[in-house]
Amino acid sequence: QNDTRTRRLKGFEALVRWNHPKKGLIPPSDFIPVAEETGLILDIGAWVLETACRTAANWPGEFTVAVNVSARQLAQETLPHQVAGVLARTGLLPGRLEIELTESGLIADQDHALKIVQALKDLGVSVAMDDFGTGYSSLSTLQSFPFDKIKIDREFVRSLTSNQQATAIVKSTLLLGSSLNIPVLAEGVETEDQLSFLEAEGCQSVQGFLFG
């Protein structure tokens, strides 16, 4: 994750891949839905969180790490306690951890989700709304939850220079973030043209293959 204007490295998002002995690298889009369905996502998610925090604790102090938390994990009452335990064991400062949530994990039981999000923030951890624009009620979700960051889904960024609707959605999201005083990060930035557009529109940070 990089600063849009200076290009300075700000942090990382932890991405999991399954390195199968015969099939090679299997993307999360293939195995995460199965893990969600079977409940294995709880074990995978716990391992990813622990591993990411332990790794990040050895980085220079200015770098953050973002970790995705699934709907199943968010539904657990114990999630804040689990995060607190990981931070204590790894020595990672809470302010260097960002938990990324998708809207699907928030709307099933908003009261429960809001309680968990607030408990995470009370630990000093940041909470980001991932894949903004792809959910059913993104605007009402932004109104209901105290997010520290909005992440624009990569599909909109990919079409920035070729699709007027995608351009309008990205511009509107950046304006919305500015109005709500919530920083916005654009995912999937792969070209200089995309970066230039986002910088001109006031997007604070980006991630994607242009940088890593």
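**Close-up views of a predicted model**

By the ring-centre rule applied to this predicted model, the count comes to 4 aromatic pairs.

**View A. Trp-18 and Phe-31 form an edge-to-face pair.** The ring centres of Trp-18 and Phe-31 are 6.1 Å apart, and their planes meet at 85°, so the pair is classed as edge-to-face; the cut-off for this class is over 60 degrees. The pair links distant parts of the chain, for Trp-18 belongs to strand S3 (residues 18-20) and Phe-31 to helix H1 (residues 28-38), 13 residues apart. Trp-18 is partly exposed, with a relative accessible area of 42%, whereas Phe-31 is buried, with a value of 10%.

**View B. Phe-145 and Phe-147 form a tilted pair.** Their rings lie 5.9 Å from centre to centre, with 35° between the planes. Phe-145 is buried, with a relative accessible area of 4%. Phe-147 also counts as buried, at 6% relative accessibility.

**View C. Phe-12, Trp-59 and Phe-63 form an aromatic cluster.** Ring pairs join these three residues.

**View D. Leu-97 is a member of the largest nonpolar core.** This core holds 46 residues, of which Leu-97 and Leu-198 touch the most other members. Helix H2 (residues 41-56) gives the most to the core, with 5 residues. Leaving aside residues up to four places away in sequence, Leu-97 touches Leu-49, Cys-53, Val-65, Val-67, Val-83, Leu-87, Leu-92, Val-125 and Ser-126. In soluble globular proteins, nonpolar side chains tend to be buried together.

**View E. Asp-3 lies in strand S1 (residues 2-3).** Is Asp-3 buried or exposed? Its relative accessibility is 16%, so Asp-3 counts as buried, the cut-off being under 20%. The side chain of Asp-3 reaches the backbone nitrogen of Thr-6 at a distance of 2.8 Å. When residues up to four places away in sequence are not counted, Asp-3 touches Arg-8, Lys-10 and Gln-204. Thr-161 stands 158 residues from Asp-3 along the chain, and the C-alpha atoms of these two residues are separated by 21 Å.

How values were computed
Residues numbered from 1 in each chain as written. Predicted model: local features only at pLDDT ≥ 70, side-chain atom pairs only at ≥ 80, totals over all residues. Heavy atoms only, no water. Helix = DSSP H or I, 4+ residues; strand = E, 2+ residues; numbered from the N terminus. Buried < 20%, exposed > 50% of the residue type's maximum accessible area, 1.4 Å probe, protein only. Contact = heavy atoms within 4.5 Å. Polar contact = N/O pair within 3.5 Å; in protein donor to acceptor, adjacent residues only side chain to side chain. Core = buried A, V, L, I, M, F, W, Y, C linked by side-chain atoms within 4.5 Å. Phe/Tyr/Trp six-rings, centres within 6.5 Å; stacked < 30°, edge-to-face > 60°.
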